[in-house]
Amino acid sequence: MVWVLLILAIAVLVVSIIYWEIALPILLVVAAGIIAYRIYAKRKEQEEEKRMEEESVRYEAQQAKEMAELISDFEKFDNLPKERQDERFELIKHHELFEWSWVKGWLKIPLSEKKKQVLSLLPEALLFSMQSNEVIQSIITEFDNLADSEHGYDNCIFFLKQEWNPNLDFSSIEYMTLAEYVEKRRKNLSLDINPLCRYAARHLKGTGVGQIDCDDMIVTRPCYLKAEIRSVNQRQRDGELYYDIENAQSIKLYVFEDTVEFMDSSHWSINIASILDIKVEAKSYHVGDTGLYYMLSVSCRNRGNIFLLCDAYSAAMIYAVIPQVRRGNIKGKMANPVIVRQQEDVEFCKEPDQTIVSNPVVLPWVGPDYLEGIAGMKVLIVGDCRCQDVSEWNEGYVADVIGNKFLTGNSDIPSYNILTNIGKAVAGKVVSEDERNNLWNRLAFCNFFQEPVTNLRKVTEVQIASGQKAFLQVLEKYAPDRVIACEPLYGYLPNEGRQGPEVTLSSPWKDGKIYSTETWIYPLPYGKECKVMPIANPGGGFPWDYWHELIIEFFK
């Protein structure tokens, strides 16, 4: 068309030179023709754009309709004919489906074998999707909202046993750059399995831990867990800590009623009562082509941290089983009363290691779920359980007041309002009886003063020194992550440690102001630290809703 216009323009120019008298009319006719053509071309262009837009809308509507049908099919997957299930299975297998919202509905009921086959394709189906990490993680996170049940636990175990590493045959890929891209996408996958670990722990807490069959020659007594894992050393390079995964040593871990034992080239063990904390890192590691591995840090009194590299299933079982065995939650065995269990822990601490400081005069209350903690952290409250009758004062007084009186609803004890207000400040609401017991089972509480004190603001130097010594012993033994100290007791705490960062409200309080409070940090003997925050005296007129907001920030 451009050449036609060019030739026409040259012809008009020649005619205009020869017949100059008619040049103007000719130019007007040509201009009109050009304008008419441009109008026609513009209209055709608009019509084509409209047609393509309508086609796009129809295509998107069709895609949305097909996606709705697919989701509907997957939501009622077990009721579909086998041919329809196979068709949907093939659709995922060929990477044509990238919508996985229906999986969350599947988690609430038992997974059929066909559903498990579908889910096993999830990593491969999402391999080329930039959202693969987020999709799989969102499904795993759903277990935090899932009610405990037998089929829920079975589903949890199924997910724990998935490697989430697609095994692709790169020999069929023509371009090596594509193979390299696929490998990079695979290695960029990193998952936090803590929701699965918490679900498994929650289930075993309700059912108890059963014995397992073990044919190893070292097993001559009841065993509750066996796992083949790797022991890892933490090293330092250029001022940064890292895990020496390349030199990890394969070991076998066994959990018995009183010890956790390890077998490698040697045989060594740790007393199960000396385990203070077990944490699963919120990331995964790629070890060769064997799938994703996870790092556990096991904190032990007087031994420091032990680092274990495990597959997801082993990590979750270690995380879930050891605390239950430690508290005696074993199938077929009657759990000991709380007070007895506290004293048994203390007796263990007195025996094997002379480096452990002697126990405080008044034993703290340590809830049976203290290791699970609040928001993933072990929380200690420092307060004062008042004593009206001095003759009742003994080393088990605090644990008796909380475990046998307060948690049974006895409102006649002097500390009832104080303990109730502390619970409201931590929970952020007025709690029911069940909520109260669940909360305090996750907390530890220690009396600062080791003898009955009538007036907290008129105490002697001897009483303060005794309280400081007892407080440091509690820190060493129970290794809390966070300590909430009631006033005026916060002012009596020992000076060891250093000033911590202020805790500040993230939004204005009711009066429009943003408040903050100081913190203090104490070193712990195995390389960790704990943070302490003061709260007002939780007696009468205690603004628990205000302090709850600061506690939320303190726990972050």
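Biologist: What makes A375 count as exposed or buried?

Modeller: A375 has 62% relative accessibility. Exposed means over 50% relative accessible area, buried means under 20%, and partly exposed is in between, with a 1.4 Å probe and protein chains only. A375 therefore counts as exposed. This is a predicted model, in which local features need pLDDT of at least 70 and side-chain atom pairs count only at pLDDT 80 or more, while totals for chains, interfaces and linings use all residues. Residues are numbered from 1 along each chain as its sequence is written, and side-chain values use heavy atoms, with hydrogens and water left out.

Biologist: Where is A375, and what is its phi?

Modeller: A375 is in the loop between β11 and β12. Its phi is near 55°, a positive value in a residue other than glycine.

Biologist: A479 also has a positive phi, of about 45°, and is not a glycine. Is A479 buried or exposed?

Modeller: A479 has 5% relative accessibility, so it counts as buried. It lies in the loop between α16 (461–478) and β14.

Biologist: How many helices and strands does the chain have?

Modeller: There are 17 helices and 17 strands. Both are DSSP runs numbered from the N terminus: helices are H or I with at least four residues, strands are E with at least two.

Biologist: What separates R84 and E87 along the helix?

Modeller: They are three residues apart in helix α3 (residues 82–93), which means about one helical turn. R84 counts as partly exposed at 28% relative accessibility, and E87 counts as partly exposed at 40%.

Biologist: How do you know that E113 and K116 form a salt bridge?

Modeller: Their side chains meet at 3.8 Å, N to O. E113 and K116 are three residues apart in helix α5 (residues 113–120), so about one helical turn separates them. E113 counts as exposed at 56% relative accessibility, whereas K116 is partly exposed with a relative accessible area of 25%.

Biologist: Which residue forms a salt bridge with R327?

Modeller: R327 pairs with E372, the closest N and O atoms being 3.9 Å apart. R327 lies in the loop between α11 (312–326) and α12 (338–350), and E372 in the loop between β11 (365–366) and β12 (379–383), so the pair ties together parts that are 45 residues apart in sequence.

Biologist: Is R327 buried or exposed?

Modeller: R327 has a relative accessible area of 11%, so it is buried. E372, with a relative accessible area of 21%, is partly exposed.

Biologist: Which residues are linked with R327 in a network of salt bridges?

Modeller: The network links K205, R327, D369, E372 and R442. The structure holds 20 salt bridges.

Biologist: What makes E45, E49, E53 and E54 a patch of negative charge?

Modeller: Asp and Glu count as negative and Lys and Arg as positive, while His and the chain ends are not counted. A patch is made of residues with over 30% relative accessible area and no salt bridge, where like charges are joined within 9 Å and nonpolar side chains (Val, Leu, Ile, Met, Phe, Trp, Tyr) within 5 Å. The place of a charge is NZ of Lys, CZ of Arg, CG of Asp or CD of Glu. E45, E49, E53 and E54 gather in such a patch on the surface. E54 is partly exposed, with a relative accessible area of 37%, and lies in helix α2 (residues 23–75).

Biologist: Why is S314 called buried?

Modeller: S314 is at 8% relative accessibility, so it counts as buried. S314 lies in helix α11. Not counting residues up to four places away in sequence, S314 touches A227, E228 and I229, where contact means heavy atoms within 4.5 Å.

Biologist: What share of the chain is buried?

Modeller: Buried residues make up 47% of the 556 residues.

Biologist: Which peptide bond is cis?

Modeller: The bond joining E487 and P488 is cis, with omega about 0°. P488 lies in the loop between β14 (482–486) and β15 (498–504).

How values were computed. Areas by Shrake-Rupley, 256 points an atom, 1.4 Å probe, with all protein chains shown as cover. Salt bridge = Lys/Arg side-chain N within 4 Å of Asp/Glu carboxyl O.
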